[in-house]
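Hello,

Here is the structure I promised to pass on. Please open it first, then read my notes below.

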Amino acid sequence: MNYNEQVIGLWSDIDKQNWNDIHRYFDNDAVINWNNTNERFNEECETDKYFENMKILYKEIRVLERIYDGEKIRQGFVDYIVKTI
C-alpha cells in the first residue's frame with residue numbers, strides 16, 4: 001500500500017468508525033493527539049504492559065456510543081482474559 005492509499009484508507013476507516021482496524025496505521029508506541037478535543041491516547045496495546053508476566057489468551061476492543069447528560073458520547077474498553085505464566 002503506498003502513502004496515498006494509506007492516508008485515504010485511514011480517513012475512510014475513521015469516517016466509517018472501523019475502530020478495530022485503525023491500529024494497522026500506527027506503530028505500537030505511537031501517540032495520537034486529537035486537536036479539536038484535546039484527547040490524547042496510545043495505540044490499543046497501551047494497557048498490555050500491565051500483563052507483562054501473563055499470557056494474553058483473549059483481547060477485545062470495544063467502542064460504545066451512548067447518551068450521557070443529553071449528549072451522545074463514545075466510550076472505549078479493552079477486555080482481557082489472561083493466564084499467569
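Start at Y80, which counts as buried because its relative accessibility is 18%, and the cut-off for buried is under 20%. Bear in mind that this is a predicted model.

Y80 has an aromatic partner. The count of aromatic pairs comes to 1. The pair is F51 and Y80: their ring centres lie 4.4 Å apart and their planes meet at 40 degrees, so the pair is tilted. Distant parts of the chain are linked this way. F51 sits in the loop between β2 (39–42) and β3 (54–68), while Y80 belongs to strand β4 (residues 71–84). The two are 29 residues apart. F51 has a relative accessible area of 21%, so F51 is partly exposed.

Now the overall layout. The chain holds 1 helix and 4 strands. Read from the N terminus, the order is α-β-β-β-β. Of the 85 residues in the chain, 12% are buried. The accessible surface is about 7,200 Å², and carbon and sulfur atoms account for 48% of that. Take the contacts between residues at least 6 apart in sequence: 30% of them join residues at least 24 apart.

One more residue to look at is D21. You will find D21 in the loop between α1 (3–15) and β1 (31–34). D21 is partly exposed, because its relative accessible area is 33%.

Best wishes

Methods: Residues are numbered from 1 along each chain as its sequence is written. This is a predicted model: local features need pLDDT of at least 70, side-chain atom pairs count only at pLDDT 80 or more; totals for chains, interfaces and linings use all residues. Side-chain values use heavy atoms; hydrogens and water are left out. Buried means under 20% relative accessible area, exposed over 50%, partly exposed in between (1.4 Å probe, protein chains only). Rings of Phe, Tyr and Trp (its six-membered ring) pair if their centres lie within 6.5 Å; planes under 30 degrees apart count as stacked, over 60 as edge-to-face and the rest as tilted. Contact means heavy atoms within 4.5 Å. Accessible areas come from the Shrake-Rupley method with a 1.4 Å probe; for residues, only the protein chains shown count as cover.
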